[in-house]
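Please keep the sequence and the model in view while reading.

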Amino acid sequence: MQHGINEAEQRRNLDNMKKKLGIIETLKAAKTVKQVNELAKKLETYDQVSAKTVRKFTKISKKKIAQIKKKK
């Protein structure tokens with residue numbers, strides 16, 4: 001009986017915990033060009049960001065904007 005209670009409690013805790021998304025994951029989930037631009041502005045405000053992240057962000061944002069515009 002105790003095992004079932006512990007398992008249910010763990011499942012409830014996992015559902016309540018939200019995983020923080022990084023800027024790249026948020027960019028991949030963006031649905032409009034406006035969201036992509038807002039994320040770009042947010043990236044500019046970061047104090048410490050690696051060059052690799054900036055390159056990756058730029059590459060993905062270009063693809064994402066093209067993909068969004070193609071759907072229209």
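In α3, the residues V36, L39 and L43 are buried, where buried means under 20% relative accessible area, exposed over 50% and partly exposed in between (1.4 Å probe, protein chains only). These residues cover an arc of only 60° around the axis, which puts them on the same side of α3; the arc is that of the directions from the helix axis to the C-beta atoms. On the other side of α3, K34, K41, E44 and T45 are exposed. Helices are DSSP runs (H or I, at least four residues), numbered from the N terminus.

The model is predicted, so local features need pLDDT of at least 70 and side-chain atom pairs count only at pLDDT 80 or more, whereas totals for chains, interfaces and linings use all residues. Residues are numbered from 1 along each chain as its sequence is written, and side-chain values use heavy atoms, with hydrogens and water left out.

## Span and packing

With 13 residues, α3 reaches 19 Å from its first C-alpha to its last, close to the 18 Å expected at 1.5 Å a residue, the expected span being 1.5 Å times one less than the number of residues. The buried residues of α3 pack against α2 (23-29) and α4.

Within helix α4 lies S61, which is buried, with a relative accessible area of 11%. Leaving aside neighbours within four places in sequence, S61 is in contact (heavy atoms within 4.5 Å) with L27 and V36.

V49 lies in the loop between α3 (33-45) and α4 (51-71), and at 34% relative accessibility V49 counts as partly exposed.

Conventions:
Helix = DSSP H or I, 4+ residues; strand = E, 2+ residues; numbered from the N terminus.
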